[in-house]
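Colleague: I have a new structure open and would like to go through it with you. Can we start with the basic terms?

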Amino acid sequence: MLVVDIVYLLGFFMQTKMPLLPVDERVKSFKEIELGYSPEQAIKEAGRCLQCNDPPCIKGCPAKVNCKAFIEQVMIGDFDKALEIIEEKNTLPCFTGRVCAEETQCEGQCVLAKQKKAIAIKALERFVSGHGKNSWKPGKGNGKKVAIVGSGPAGMAAAIELRKKGFETEVFEALPELGGILSWGIPGYRLDKKAVQQTIEELKKKGVVFKRKQKVGSEKKLSELVQDFDAVLLAIGEGKAKNTELPGIEKQGVLYWDTFLQGFGAGGKSFGKKKAVVIGGGNTALDCARVLRRLGCSVTIAYRKNMPFMPCNKSELIHAMEEGIEFRMQLKPKAFLGKDRLEKVAFTKIEIEKEKFIDTKEQKELKADVCVVAIGQEYDATAVNGTELDGKEIKINGVKTELWGVFAAGDLTNGEKTVVHAIASAKKAADEIEAYLNEKK
Ligand code: SF4
């Protein structure tokens, strides 16, 4: 590891942390590693907030949650009111309080961040989601029906927003399991699947109808939805790995992140003590590496730049290091080597010169029985293709599409691909759908 990487990491080790499961327990189980605050710990942490006049933490939140106001309610012990404040902007704090990239969002903007003492807003949000009483109610029925394609965070958040406005909502999910990326893509040690199940049950109780194994584009045509519903919301998410044409990608032992996480992300299956390499530097790469570690593998993450450029949450990076994952920086993947099975992954060495990354073409090899490729994601175009309406990619502009009555939310819309962005875009899409249907009257 380079000096620049070590200096970079030291800053994060110094920051306030939530209580964690001990490392030796973590690497043997898929239990959630962040233990969450007790009411006393939450009130104490909230008590550090300066209640700034012009709080930058709110500007840092993609959903514009009033962090200052909800933290004030935690300070005085009114957790129901705190939840009500959060839910005005973010209807799914049980997820964002666990998986948000807080370092670059609310906490990154907190005035105390410069001293490495940012208020633990994400942890407080998670606490409130578990201790406050959820208060949203379905609005008075308006007789209109909206179809939502995808049951991930954008689909769920849109269903809540639309039910609040009095719409009937039906959610069409391609997979047998509901929850999208929250169910299969984020491992259980980061997001307890009970939180996903509880949210889905809550939505069902409040009138959201879920249809499983209904892939739009095959089992269900988009044109049928457009005919049967007053509006359609596409919230399918980018749950598909971007393919690479690197030589040897077809070898046994080489997997894309989506196949790997769908098969092993929840644990409970035997894998064997293998030597594993994960290619990538984002949260998905770290998820794959930490799942492999829990399955008993020795794991190396290979990334083409140096550590400060890794797009993952830095807290995840620290957790991965604590769990014994090795990091090899400045390696660009070149090929997968071996007869039929993978034996080695070949890279070329990258050097940094005058802040530029130069491929030296010098070959480096890492031995591996298994390699998980996590270098990009895209949405499954077949989810919206193959209908008489489109047969081509639908153009999307913000939360609107080129088709009347068809809207978009989540990863499909322009912008960042995170859970909180998905929730924020779902709220916007619900407002657009309401405006569109009011105009149509
Ligand atoms: Fe509190 Fe930090 Fe927000 Fe100020 S910026 S109100 S200290 S959380």
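Modeller: Contact here means heavy atoms within 4.5 Å. Keep in mind that this is a predicted model.

Colleague: Fine. What does lysine 242 touch, leaving out residues up to four places away in sequence?

Modeller: Lysine 242 touches Tyr256, Gly376, Gln377 and Glu378.

Colleague: Where does lysine 242 lie?

Modeller: In the loop between strand E5, residues 240-241, and strand E6, residues 254-256. The C-alpha atom of lysine 242 is also 8.3 Å from that of alanine 374, although the two are 132 residues apart along the chain.

Colleague: Why does lysine 242 count as partly exposed?

Modeller: Its relative accessible area is 42%.

Colleague: Changing topic. How is the chain divided into domains?

Modeller: Domain 1 is 14-131, domain 2 is 145-239 plus 379-439, and domain 3 is 241-376.

Colleague: How many residues do domain 1 and domain 2 each bring to their contact?

Modeller: Domain 1 gives 19 residues and domain 2 gives 22. Between them the two domains bury about 1700 Å², with 73% of that area on carbon and sulfur atoms. Their C-alpha centres lie 27 Å apart.

Colleague: How many salt bridges cross the interface of domain 1 and domain 2?

Modeller: Zero, by the rule used.

Colleague: And how many does the structure hold?

Modeller: The structure holds 26 salt bridges. Side chains of opposite charge can pair when their charged atoms come close.

Colleague: Give me an example. Which residue does glutamate 161 pair with?

Modeller: Glutamate 161 forms a salt bridge with lysine 164, and their closest N and O atoms are 3.8 Å apart. Both sit in helix H10, residues 153-164, and because they are three residues apart there, about one helical turn separates them.

Colleague: Is glutamate 161 buried or exposed?

Modeller: Buried, because its relative accessibility is 5%. Lysine 164 is partly exposed, at 29%.

Colleague: What about pairs that link distant parts of the chain?

Modeller: Arginine 190 and glutamate 316 meet through their side chains in a salt bridge, 3.8 Å from N to O. Arginine 190 is in the loop between helix H11 (181-184) and helix H12 (193-205), while glutamate 316 is in helix H16, 126 residues apart. Arginine 190 and glutamate 316 are buried.

Colleague: How far apart are the closest N and O atoms of arginine 290 and glutamate 316?

Modeller: They are 2.6 Å apart, and this pair is a salt bridge too. Arginine 290 lies in helix H15, residues 283-294, and glutamate 316 in helix H16, so the bridge ties together parts 26 residues apart in sequence. Arginine 290 is buried, as is glutamate 316.

Colleague: Which residues are linked in the network of salt bridges?

Modeller: Arg26, Arg190, Asp287, Arg290, Arg294, Glu316, Glu322 and Glu323.

Colleague: Back to H16, then. Why is helix H16 described as largely enclosed by the rest of the structure?

Modeller: Because eight of its nine residues, 314-322, are buried. They are Lys314, Ser315, Glu316, Leu317, Ile318, His319, Ala320 and Met321. Just after H16, glycine 324 takes a positive phi of about 90°.

Colleague: Now helix H5. Which of its residues are buried?

Modeller: In H5, residues 67-75, the buried ones are Cys67, Ala69, Phe70, Ile71, Gln73 and Val74. They pack against helices H3 (39-46), H4 (56-60), H6 (79-87), H8 (106-109) and H9 (121-131). H5 is followed by glycine 77, which has a positive phi near 85°.

Colleague: Last topic, the ligand. Which residues surround the ligand?

Modeller: Cys49, Leu50, Cys52, Pro55, Pro56, Cys57, Ile71, Cys110, Val111, Ile119 and Ile121. Ile71 is also among the buried residues of helix H5.

Colleague: How many of the residues in that shell are nonpolar, polar or charged?

Modeller: Eleven are nonpolar, with no polar and no charged residues in the shell.

Notes: Residues are numbered from 1 along each chain as its sequence is written. This is a predicted model: local features need pLDDT of at least 70, side-chain atom pairs count only at pLDDT 80 or more; totals for chains, interfaces and linings use all residues. Side-chain values use heavy atoms; hydrogens and water are left out. A residue is near a molecule or strand if one of its heavy atoms lies within 4 Å of it. Ala, Val, Leu, Ile, Met, Phe, Trp, Tyr, Cys and Pro count as nonpolar, Asp, Glu, Lys and Arg as charged, and the others, Gly among them, as polar. Helices (H or I, at least four residues) and strands (E, at least two) are DSSP runs, numbered from the N terminus. Buried means under 20% relative accessible area, exposed over 50%, partly exposed in between (1.4 Å probe, protein chains only). Domain bounds come from an automatic or database domain assignment. Buried area is the accessible area (1.4 Å probe) that two parts lose on being put together, summed over both. A salt bridge is a side-chain nitrogen of Lys or Arg within 4 Å of a carboxyl oxygen of Asp or Glu.
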